[in-house]
Amino acid sequence: MLSNWHAEDAAVILRAVNSSKIGLSEAEAALRLANNGPNALPEPPPPSTLKRFIRQFHNVLIYVLLGATAITLMLQHYVDAVVIFAVVLINAIIGYVQEGKAESALASLRHMLAPTAVVLRSGNRIEVPAEKLVVGDIVLLEPGARIPADVRLLTCHNLQVQEAVLTGESEAVSKQTEPVAVNTPLGSRASMAYLGTWVTTGQAQGVVVATGTATEFGEIGVMLTEVTRLTTPLVVQTARFSKWLTLIILALALLLLIYASLLELLPFAELFMVMVSLAVAAIPEGLPAVMTITLAVGVQAMARRNAIVRHLPSIETLGAVSVICTDKTGTLTRNEMVVTAVVIADEQFDVTGEGYNPAGEISDVNAIETDPVLQQLARVAVLCNDAELQQQEDNWAVSGDPMEGALVVLAAKIGCSAEHARKQWRRDDLRPFDAEYRYMATLNHSHDGQGFVHVKGAPEQVLSMCSQQQTLHDIQPLNLNYWQQKADHMAQQGLRVLALAQRRVEPETVLLDPSDGLGNLVLLGLVGIVDPPRAEAIVAVKECQQAGIGVKMITGDHPGTARAIAQQVGIINTDKVLTGADLDKLNDRQFNAVMATTDVFARTSPAHKLRLVKALQAQQHIVAMTGDGVNDAPALKRADVGIVMGIRGSEAAKQAADVVLTDDNFASIVAAVRQGRTVYDNLKKVISWDIPTSVGESMTIIVALLMSMALPITPVQLLWVNLVTAITLGLTLAFEPTEAYSMQRPPRQRSEPLLRASLVWHIVLVSVLFMVGIFGIFQYALGQGYTLDLARSLALNTAVVLEIFHLFFIRNIYGTSLTLHSLRGTRPLWIAVVLIVLAQAAVTYVPALQKLLGTAAIGWRDGLLILAIGVALLLVVEAEKQVRIRLFNWRL
């Protein structure tokens with residue numbers, strides 16, 4: 001087997017890999033795949049089960065609890081030690097299980113984003129997963145594609161490849177097909193394209209010479225397979241908050257221990273256990289784990305809505321997006337293009353049909369046979385074109401660009417078969433479409449020696465390259481005004497307009513020469529292509545507007561087309577449409593000013609997108625930007641949330657983006673924003689539930705201690721409450737659905753603090769209510785002559801019931817909690833509630849557990865009283881919320 005692939009002729013390479021220019025057969029490819037394995041780099045071995053489990057204890061909060069367990073054992077309070085350690089163990093188990101689920105989820109998401117490759121198999125162009133490539137496959141490379149394996153180039157057309165990931169050189173390098181010297185350095189091997197690099201411009205064909213670990217990428221050990229760590233700024237902020245809260249709690253517990261010891265309120269051993277219990281109850285040891293789980297649940301929920309989150313911090317940012325800058329084609333529209341109008345110098349035709357089905361008709365059927373201009377236009381449509389029409393059972397689909405597919409369908413309706421035309425006319429050279437010059441050109445020769453340059457592109461660009469026009473009888477000078485009026489009229493109807501032209505060349509011409517501008521063309525006609533808006537996009541745009549999110553369309557289409565589609569989907573400011581040329585005339589101050597009143601931008605380049613993002617961010621907007629091309633990568637990276645189209649998006653754009661849409665649908669962007677708001681709301685709910693309940697229960701013990709009263713809840717009972725509720729109930733909030741009014745409120749500020757004044761107020765209010773409820777029933781029980789154990793049993797169960805009712809309240813921080821829908825709850829919520837009720841029933845009525853925790857059986861009347869206290873808490877905090885929101889618009 002050869003090793004110096006870059007130094008050998010293409011013919012030698014093909015013989016060495018036992019392949020040909022039409023590629024391998026499916027059977028041969030399958031055999032090679034079975035023998036040599038997939039085209040993939042081995043993933044690093046996951047950490048051992050033991051290491052993953054031990055890692056759950058690496059937290060300052062857990063260290064405090066483990067220390068408390070050790071001291072408690074030394075004091076021979078074995079039951080308390082077991083309960084404290086159980087809290088730690090359960091937290092570790094939940095974290096371990098969830099980490100495994102998160103890693104599995106992220107791994108599955110990576111597989112969903114696995115790149116594909118376009119190859120020739122037995123001469124047929126097909127798309128296969130990159131991991132199924134084998135040595136000998138003929139790969140087709142296009143702008144934006146990731147090189148899927150090490151490839152020896154066979155044909156090149158202006159190919160440039162970004163190889164920074166492999167060589168460290170920031171500039172894209174030009175490629176060629178000629179072999180280079182054996183000792184040529186890796187970065188100068190112009191005849192090769194390597195795995196992991198990117199096509200920036202041009203097109204090429206090449207033969208795969210190495211896959212997987214045999215590639216240059218594999219041999220140098222570049223591994224890009226690490227699992228993304230589940231951490232975000234909010235989680236870091238919360239962890240820092242938890243640490244400071246822990247230090248404060250420990251300091252207060254120490255001061256209280258010293259104070260109570262000096263006054264001899266309790267024996268020191270018993271007093272110490274009270275302090276340990278207070279610390280365990282007050283320290284939010286499960287908060288970081290529950291919040292991480294909330295984020296992981298959000299990621300999976302987004303995946304179900306066709307939005308794959310690549311960078312987890314973007315989940316928070318999604319919920320705060322204030323402007324969405326979106327492309328038009330395929331995002332707001334269906335991306336199922338069809339030609340509906342054809343204009344030539346003598347006549348205009350309407351074209352019927354739906355989608356890519358070639359069964360439609362031209363309005364003047366007789367013209368198909370008699371009009372040579374239509375026949376020439378159809379020939380240009382299929383020869384200056386890389387798309388292929390395919391029938392899949394009862395459906396028709398296009399392999400390639402949808403716009404080019406529409407042209408192939410048009411040619412078929414005129415009677416020109418793409419397959420037949422491409423056999424009659426060989427392609428000798430190509431100038432692929434580029435956003436910079438906005439046209440595509442091919443050089444074709446027929447079997448009888450005729451040579452033509454065929455061109456298609458934006459009307460204003462192609463018209464500038466034409467000097468003549470083809471009519472039914474002869475060639476005439478170009479009537480520029482006629483064509484401009486026709487193009488403008490078609491664009492105002494919402495059609496995407498393309499111009500098609502040609503020029504005869506000498507038979508010996510074998511190369512296109514861009515230096516002459518490809519001018520002196522003969523214009524054949526204009527075609528109008530419609531791409532209808534998605535019905536769901538219309539609803540989604542309206543939902544954005546209700547949520548205070550601006551929607552701006554940024555497209556490369558004609559201004560008239562952009563305005564028509566914008567009006568159809570409901571974008572507000574459509575009277576003024578700015579083009580890229582308009583934007584270039586504005587200075588920064590003027591540019592920033594027009595952003596506030598303009599929502600539609602046409603004929604824009606990727607550079608304009610980047611400038612638009614910067615301008616919006618300068619106005620303190622949080623921007624989500626969509627894109628699909630290599631040149632969109634800077635804008636995607638600059639945006640607060642970069643969203644790339646998973647279907648038509650280039651691999652380079654996917655790497656720069658935070659979120660990948662698997663369906664290229666604007667409605668999925670809005671769904672992702674809604675889910676981002678839901679995730680943030682659920683994180684706030686976790687904090688808003690955990691801290692007030694912990695503080696309220698701790699305050700009950702502290703006040704009783706300072707007032708030299710009997711403790712309403714013993715240390716071991718307090719530990720039990722923390723064991724069964726702190727993580728279990730809080731965890732259910734991770735699965736809360738989106739609140740009804742989530743998309744009817746303005747975006748939150750990204751700088752919004754963790755502890756807002758409203759949350760501090762809620763902590764104080766709920767803590768006081770908890771203390772009143774627990775103390776109240778404890779004093780009631782003692783007043784009724786109940787035993788101390790029974791009184792404490794009432795207080796213990798009241799604490800748990802208050803936590804449950806507070807959970808029902810906190811589920812709806814924006815709406816009301818007193819509706820049937822709100823009270824019905826979620827399945828995880830009721831599972832947790834049922835388990836906790838059963839656990840409380842066990843410690844209250846099972847004799848062995850009564851002895852262990854110092855509880856006593858409760859009568860049904862007292863049980864109803866406990867339930868009434870929980871209902872009272874719900875009513876009070878709900879009334880306070882309604883007053884706070886309706887009168888003061890003060891939300892948690």
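Buried means under 20% relative accessible area, exposed means over 50%, and partly exposed lies in between, with a 1.4 Å probe and protein chains only. At 45% relative accessibility, Glu26 therefore counts as partly exposed. The model is predicted, so local features need pLDDT of at least 70 and side-chain atom pairs count only at pLDDT 80 or more, while totals for chains, interfaces and linings use all residues. Residues are numbered from 1 along each chain as its sequence is written, and side-chain values use heavy atoms, with hydrogens and water left out.

**Salt bridges**

- Side chains of opposite charge can pair when their charged atoms come close.
- The structure holds 21 salt bridges, each being a side-chain nitrogen of Lys or Arg within 4 Å of a carboxyl oxygen of Asp or Glu.
- Glu26 and Arg121 meet through their side chains in one of these salt bridges, at 3.2 Å from N to O.
- This pair links distant parts of the chain, with Glu26 in helix H2 (residues 26-36) and Arg121 in strand S1 (residues 116-121), 95 residues apart; helices (H or I, at least four residues) and strands (E, at least two) are DSSP runs, numbered from the N terminus.
- Arg121 is buried, with a relative accessible area of 7%, and a network of salt bridges links Glu26, Arg121 and Asp137.
- Another salt bridge joins the side chains of Glu142 and Arg125, at 3.1 Å from N to O.
- Because Glu142 lies in the loop between strand S3 (138-141) and strand S4 (150-162), and Arg125 in strand S2 (residues 124-129), the pair ties together parts that are 17 residues apart in sequence.
- Glu142 is partly exposed at 29% relative accessibility, whereas Arg125 is buried at 13%.
- Lys456 and Glu404 also form a salt bridge, at 2.8 Å from N to O, and this pair links distant parts of the chain, with Lys456 in strand S16 (residues 451-457) and Glu404 in helix H14 (residues 402-414), 52 residues apart.
- Both Lys456 and Glu404 are buried.

**Aromatic rings and charges over them**

- The whole structure contains 6 aromatic pairs; rings of Phe, Tyr and Trp (its six-membered ring) pair if their centres lie within 6.5 Å, and planes under 30 degrees apart count as stacked, over 60 as edge-to-face and the rest as tilted.
- The ring centres of Tyr437 and Tyr439 are 4.9 Å apart with their planes at 50°, so this pair is tilted.
- Tyr437 is buried, with a relative accessible area of 16%, and Tyr439 is buried as well, at 5%.
- Arg431 lies over the face of Tyr437, at 3.9 Å from the ring centre, where a charge sits over a ring if NZ of Lys or CZ of Arg is within 6 Å of the ring centre and within 35 degrees of the ring normal.
- Arg379 lies over the face of Phe452, at 4.8 Å from the ring centre.

**Cysteines**

- A search of the whole structure finds 0 disulfides, a disulfide being a pair of cysteine sulfur atoms within 2.5 Å.
- Cys416 is buried at 13% relative accessibility, and Cys466 is buried at 9%.

- Val883 lies in helix H33 and is partly exposed, with a relative accessible area of 43%.
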